[in-house]
Amino acid sequence: MILLKKIKLIFALSCVMFLTKSYCQYTSTTTKWENYMPKTVFVSYDYMHRNTIKTGIEFFIPNKSSNYIFIGLGYGIGIDNAKIFSFPNAHLSLNLQNGYVLKLATTTTSLTSSAGVSLFNALDFNLGYSFPFQNQQIHKLKGITVGITVRISNHNKVYLPMKLF
């Protein structure tokens, strides 16, 4: 039974990484759809009384202001009492030009809001709180969260420009 769960987990992560690689390589000069295609791959680590790691793709939404909006879809795994569990996740991240980040994330069992700082939109540090949807005892994602997110992209518009003075 444990072997079957591990195989499912490896298959799910392989699918996410394959989709991420194929989406991020999409470029076209003939359509405007490229503005809405995934621009980044993210890897996120969170600690909320248990370790969780998430990976997936992020859509970059261009806007006229200098703020950056990312919509992320991915899959996460966690360890609770020496047992591995997995979950899908989605998030909305608003990265402000002054380096602050506001993030709202959801899984099938919880909703997390957080705030923090971002270094050039490539590295985010977050502190927040996770609210469970139901009062379950198994793999409850509830409480104060501390997290770090790394974004990898080959598009220059995703990152903030470095200003020395």
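**Close-up views of a hairpin and a nonpolar patch**

**View 1. Strands β5 and β6 form a hairpin with two residues between them.** This is a predicted model, in which local features need pLDDT of at least 70, side-chain atom pairs count only at pLDDT 80 or more, and totals for chains, interfaces and linings use all residues. Residues are numbered from 1 along each chain as its sequence is written, and side-chain values use heavy atoms, with hydrogens and water left out. Strands here are DSSP runs (E, at least two residues), numbered from the N terminus. β5 (residues 100-107) pairs with β6 (residues 110-119) in the antiparallel sense over seven bridges; two strands pair if DSSP finds at least two bridges between them. Look for Thr 106, whose bridge partner in β6 is Leu 111.

**View 2. β6 and β7 form a hairpin with three residues between them.** The two strands run antiparallel and are joined by 10 bridges. Ala 115 has Leu 127 of β7 as its bridge partner. In the turn, Phe 120 has a positive phi of about 60°.

**View 3. A nonpolar patch on the surface includes Leu 104, Leu 111 and Leu 127.** Patch residues have over 30% relative accessible area and no salt bridge, and nonpolar side chains (Val, Leu, Ile, Met, Phe, Trp, Tyr) are joined within 5 Å. A salt bridge is a side-chain nitrogen of Lys or Arg within 4 Å of a carboxyl oxygen of Asp or Glu. β7 (123-132) and β8 (143-152) each supply at least two residues, and β7 gives the most, with three.

Definitions and conventions: Patch = residues over 30% accessible without salt bridge, like charges linked within 9 Å, V, L, I, M, F, W, Y side chains within 5 Å. Areas by Shrake-Rupley, 256 points an atom, 1.4 Å probe, with all protein chains shown as cover. Helix = DSSP H or I, 4+ residues; strand = E, 2+ residues; numbered from the N terminus.
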